[in-house]
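The entries follow in the order in which I looked things up.

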Amino acid sequence: MARIVVERTHTLGRQAAREKAEQLAAKLVKDYGVRCEWQGDVLAVRRSGADGRIEVGEDRVRVLLNLGLLLSAMGSSVQAQIEHALDKALQA
């Protein structure tokens, strides 16, 4: 099992960052068939072979993702995609 952790700081504030996370979640649902559910300021993300969360804070966003055995082989590619999407989403 692979574990991916990506953390970025931002200056958007919690509400704007949460809206950006919501947009990112909509893309994940469309592109990868994930299920997303807000639990406070944490967006839980699940699909077959992967689960994790996006933690939204006042000045940072943290993505934690656990990949199952089959997806672990693509871990570095998945991490690069997450980093790119997060950097793009958090641009002010």
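**Entry 1, Arg14.** I began with Arg14, which is found in helix α1. The model is predicted, and I read the entries below with that in mind.

Next I looked up what Arg14 touches. Leaving aside neighbours within four places in sequence, I found contacts to Asp41, Val56, Gly57 and Glu58. I also checked Arg14 against Ala85: the two are 71 residues apart in sequence, and their C-alpha atoms are 18 Å apart in space.

**Entry 2, the sheet.** I then traced the strands. Five of them form an open sheet, with antiparallel pairing, in the order β1-β5-β4-β3-β2. At the edges I have β1 (2-9) and β2 (35-39), each of which pairs on one side only. Averaged over the sheet and with direction ignored, neighbouring strands are turned by 15° against each other.

I went through the pairings of β5 in turn. With β1, β5 pairs in the antiparallel sense over eight bridges. On this side I noted Val5, which stands opposite Leu64 in β5. With β4, β5 is joined by seven bridges, again antiparallel. There I noted Ile54, whose bridge partner in β5 is Val63. β4 and β5 also form a hairpin, and three residues lie between the two strands.

How many of the eight residues of β5 are buried? I recorded six, so β5 is mostly covered, with buried taken as under 20% relative accessible area.

For α3 I found a position across β1 and β5, and α3 runs at about 20° to β1.

Rolling a probe the size of a water molecule over the atoms shows where empty space is left. The count comes to one cavity of 30 Å³ or more. I put down about 40 Å³ for the space in the largest cavity.

Which residues line the largest cavity? I listed Ala17, Lys20, Ala21, Leu24, Ile54, Val61, Leu86, Ala89 and Leu90. Ile54 is the residue I had already noted as the partner of Val63 in β5. α1 (14-32) and α3 (75-89) each supply at least two residues of this lining. The largest share, four residues, comes from α1. By class I recorded eight nonpolar residues, no polar ones and one charged.

I went on to open space. The largest pocket has a volume of about 570 Å³, and I found 26 residues in its lining. Those that lie nearest its centre are Leu28, Tyr32, Leu65, Val78 and Ile82. The elements giving two or more residues to this lining are α1, β3 (42-47), β4 (50-56), β5 (60-67) and α3.

Which element gives the most to the lining of the largest pocket? I noted α3, with six residues. By class, this lining has 17 nonpolar, three polar and six charged residues.

I put down about 160 Å³ for the space in the second largest pocket. Its lining is made up of Lys20, Gln23, Leu24, Lys27, His84, Ala85, Lys88 and Ala89. Ala85 is the residue I had checked against Arg14 in the first entry. I compared this list with the lining of the largest cavity, where Lys20, Leu24 and Ala89 are also found. α1 and α3 each supply at least two residues of the lining of the second largest pocket. By class I recorded three nonpolar, two polar and three charged residues.

I ended by going back over α1.

Definitions and conventions: Residues numbered from 1 in each chain as written. Predicted model: local features only at pLDDT ≥ 70, side-chain atom pairs only at ≥ 80, totals over all residues. Heavy atoms only, no water. 1 Å grid on protein atoms, 1.4 Å probe; cavity = no way out; pocket = protein on both sides within 12 Å on 5 of 7 lines; lining within 4 Å. Points joined across faces, edges and corners; volume = space filled by probe spheres on them. Nonpolar A, V, L, I, M, F, W, Y, C, P; charged D, E, K, R; others polar. Pairing = 2+ DSSP bridges. Axes fitted to C-alpha atoms, helices over the stretch in contact; angles between N-to-C directions. Contact = heavy atoms within 4.5 Å. Buried < 20%, exposed > 50% of the residue type's maximum accessible area, 1.4 Å probe, protein only.
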